[in-house]
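Please brief me on this protein model. Keep it short, and group the points by topic.

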Amino acid sequence: MSTTVDTAAITNLIAEYAELVDTGDFVGVGELFADGVFIGSGAPVHGREAVEKMLRDTVILYEDGTPRTHHATTNLAVDIDEETGTAAARSYVTVFQALPDFPLQSVAAGRYTDRFERRDGRWRFVERHVRIHLVGDVSRHLRA
């Protein structure tokens, strides 16, 4: 593959994560980490079922089945090692939320540091490390 094609594939994975979280598709998020690890504020979480459970245990879903959030991923930089079939990416994340009684606002901002491997011609998450640096009112987004 070309670096441009690989960069686009990795960028799409990063965007897919945000879309799946924002639509409440935690099964889909788990699929993204089937062979990977998610590192957030708690202990590292390994694999499909564990990532899905972690999200169900921590993220509040509303009547429409979503967390009523919008994850904006910006300042994306991707580094690919063609020889080893690995890649790394770093980006910023800002999480917005709105509810009928909770005006649109940023509830968290931080950085993603990701690692990927190409397996069977397809890029997969190996690791996502989430570092939240700025925290707003997450009382309607995360369980205590």
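R140 is partly exposed, with 27% relative accessibility. Here, buried means under 20% relative accessible area, exposed means over 50%, and partly exposed lies in between (1.4 Å probe, protein chains only). The model is predicted, so local features need pLDDT of at least 70 and side-chain atom pairs count only at pLDDT 80 or more, while totals for chains, interfaces and linings use all residues. Residues are numbered from 1 along each chain as its sequence is written, and side-chain values use heavy atoms, with hydrogens and water left out. Helices (H or I, at least four residues) and strands (E, at least two) are DSSP runs, numbered from the N terminus.

**Salt bridges**

- A salt bridge here is a side-chain nitrogen of Lys or Arg within 4 Å of a carboxyl oxygen of Asp or Glu.
- Side chains of opposite charge can pair when their charged atoms come close.
- The count by this rule is 12 salt bridges.
- R140 pairs with D101 in one of them, at 3.0 Å from N to O.
- That pair links distant parts of the chain: D101 is in the loop between β4 and β5, R140 is in the segment after β6, and 39 residues separate them.
- D101 is exposed, with a relative accessible area of 58%.
- Salt bridges that share partners join D6, E82 and R118 into one network.
- E82 is partly exposed at 31% relative accessibility, and R118 is partly exposed at 24%.
- R56 bridges to E52, with the closest N and O atoms 3.2 Å apart.
- R56 and E52 both sit in helix α3, 4 residues apart, which is about one turn of the helix.
- R56 counts as partly exposed, at 39% relative accessibility.

**The nonpolar core**

- A nonpolar core is a set of buried Ala, Val, Leu, Ile, Met, Phe, Trp, Tyr and Cys residues joined through side-chain atoms within 4.5 Å.
- In soluble globular proteins, nonpolar side chains tend to be buried together.
- The largest core has 29 residues, and Y17, V29, F33, V51 and F116 touch the most other members.
- At least two residues of this core come from each of α1, α2 (26–32), α3, β4, β5 and β6.
- The biggest share is from α1, which gives 6 residues.

**Contacts of two residues**

- Contact means heavy atoms within 4.5 Å.
- V51 touches V29, G30, F33, F38 and V45, leaving out residues up to four places away in sequence.
- E52, in helix α3, touches F26, V27 and G30, again leaving out residues up to four places away in sequence.
- The C-alpha atoms of E52 and F33 are 9.1 Å apart, and the two residues are 19 residues apart along the chain.

**The largest pocket**

- A pocket is defined on a 1 Å grid over the protein atoms alone, as an open set of points where a 1.4 Å probe fits, with protein on both sides within 12 Å along at least five of seven lines; its lining residues have an atom within 4 Å of a point.
- Grid points are joined across faces, edges and corners, and a volume is the space filled by probe spheres set on the points.
- The volume of the largest pocket is about 570 Å³.
- Its lining has 24 residues, with F38, S41, V130, I132 and L142 nearest the centre.
- Two or more lining residues come from each of α1 (3–22), β1 (37–39), α3 (48–58), β4 (86–99), β5 (102–119) and β6 (122–135).
- The lining divides into 18 nonpolar, 6 polar and no charged residues.
- In this count, Ala, Val, Leu, Ile, Met, Phe, Trp, Tyr, Cys and Pro are nonpolar, Asp, Glu, Lys and Arg are charged, and the others, Gly among them, are polar.

**Backbone angles**

- Most residues other than glycine have a negative phi.
- R68 is not a glycine, yet has a positive phi of about 60 degrees.
- R68 is in the loop between α3 and β3, and is partly exposed at 34% relative accessible area.
- N75, also not a glycine, has a positive phi of about 50 degrees and lies in strand β3.
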